[in-house]
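I opened my notebook to look up a few things in this structure and to write down each one with the rule behind it.

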Amino acid sequence: MDILTIFLRTVLIYFVVFLMLRIMGKREIGKLSLFDLVISIMIAEIAVFVLEDAQKPLMDGLIPMATLVLIQVVIAWITLKSRTIRVLFDGKPSVLIQNGSLNREEMKKHRYNLDDLMLQLRQNRIMNVADVEFAILESSGKLSVVEKEVKETEVFDDSLKGKIRFEGLPLPLIMDGKVQDDNLEKIGKTRFWLKNQLQLKGSHDFKEVFYCSIDYKGRLFLDRKR
C-alpha cells in the first residue's frame, strides 16, 4: 500500500511541478537569474519534502509551491513595468572586456578570475583574448562576446612559429602578475626574454601586468593592471 501511495504521490508531484514551471514561463528554462534559481530550488526542495514522508498531507507541499509560483508571477509582472525593480532582482550586465582591455575591477567585483574568463571564451569558440573587443557578463552568468573586426596580425618573434602546437590556442605567460614558467618552458623562452618583450610594450615589471599571452604565430597580447 505504501509503495502504491509513494508511486501515486510521485506522479502527482511531477505533474504539479511541471505545471508550475510552465506557469512561470519559458524564461525559467532558457535563463535562470538569481531570483529564478532560488524559486526553482525551493520548489524542488518542497517537492522532495512531500515525497519523503508518505504520511505528510499533500497540501503541506502544494500550498507552499503555489505560493512561490504566485510570488514569481507577481514579481515578473512588476519587473515588466519597472526597470529599477528588474535590476534589483535580476542584476545588471557587467563589461569584463571593453575596447580590447580587461576590466579588472569588474572581474574582482564579481569574483570572476582569468580561468573563468578563458573557459567561457572557449565556450564561445574564441581561443585568444586578443581577438575580443567586448565581453559582457550577463545577469544569467552567460558571457556575451563581440570579436574585433580586424584581428591583430603583427608577429613579435618569428622563432616562436610552430612551438605552440595547436593553432588558435594561445599560451598564458602572465596571469594576475605571476609568470607562468611552465608555459615559458614550452616555447623555449626565459623570464629575461619575457621581460624584454614587456619593455617593448611599455611595461617594466611583471607585477604591472594583469594578463599576457602569446599565440602560435608569436603574437603577444598584454593587458596591464590599472
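**Ground rules.** I note first that this is a predicted model, in which local features need pLDDT of at least 70 and side-chain atom pairs count only at pLDDT 80 or more, while totals for chains, interfaces and linings use all residues. Residues are numbered from 1 along each chain as its sequence is written, and side-chain values use heavy atoms, with hydrogens and water left out.

**The whole chain.** I looked up the secondary structure and found nine helices and eight strands, where helices (H or I, at least four residues) and strands (E, at least two) are DSSP runs numbered from the N terminus. Of the 226 residues in the chain, 36% are buried; buried means under 20% relative accessible area, exposed means over 50%, and partly exposed lies in between, with a 1.4 Å probe and protein chains only. I then turned to contacts, meaning heavy atoms within 4.5 Å, and noted that among those with a separation of 6 or more, residues 24 or more positions apart account for 55%.

**Helix 3.** I checked the span of helix 3, which covers residues 34-52: its 19 residues reach 27 Å from the first C-alpha to the last, close to the 27 Å expected at 1.5 Å a residue, the expected span being 1.5 Å times one less than the number of residues. Which residues of helix 3 are buried? I listed Phe35, Asp36, Ile39, Ile43, Ile46, Ala47 and Val50. They lie on the same side of helix 3 because they cover an arc of only 105 degrees around the axis, the arc being that of the directions from the helix axis to the C-beta atoms. The face turned away from this buried side carries the exposed residues Leu34, Glu45 and Glu52.

Glu45 and Gly61 are 16 residues apart in sequence, and I noted 9.7 Å between them in space, C-alpha to C-alpha.

**Asp223.** Is Asp223 buried or exposed? Asp223 sits in strand 8, residues 220-224, and it is buried because its relative accessible area is 2%. I saw that its side chain reaches the backbone nitrogen of Leu102 at 2.8 Å. Not counting residues up to four places away in sequence, Asp223 touches Ser101, Leu102, Val209, Phe210 and Tyr211.

**Two loop residues.** I reminded myself that most residues other than glycine have a negative phi. Arg111, in the loop between helix 6 (104-109) and helix 7 (114-123), has a positive phi near 55 degrees, and it is exposed, with a relative accessible area of 73%. Asp176, in the loop between strand 5 (171-175) and strand 6 (178-179), also has a positive phi, of about 55 degrees, although it is not a glycine. At 38% relative accessibility, Asp176 counts as partly exposed.

**Cavities.** How many cavities of 30 Å³ or more does the structure hold? I found two, a cavity being a set of points, on a 1 Å grid over the protein atoms alone, where a 1.4 Å probe fits but cannot get out, and lining residues having an atom within 4 Å of a point. Grid points are joined across faces, edges and corners, and a volume is the space filled by probe spheres set on the points. The largest cavity has about 50 Å³ of space. Of the 10 residues that line the largest cavity, Asn128, Ala130, Asp215, Arg219 and Phe221 are the closest to its centre. Strand 7 (209-214) and strand 8 each supply at least two residues of this lining.

Definitions and conventions
A polar contact is a pair of N or O atoms within 3.5 Å; within protein, one must be able to donate a hydrogen and the other to accept it, and residues adjacent in sequence count only if both atoms are side-chain atoms. On a 1 Å grid over the protein atoms alone, a cavity is a set of points where a 1.4 Å probe fits but cannot get out, and a pocket is an open set with protein on both sides within 12 Å along at least five of seven lines; lining residues have an atom within 4 Å of a point.
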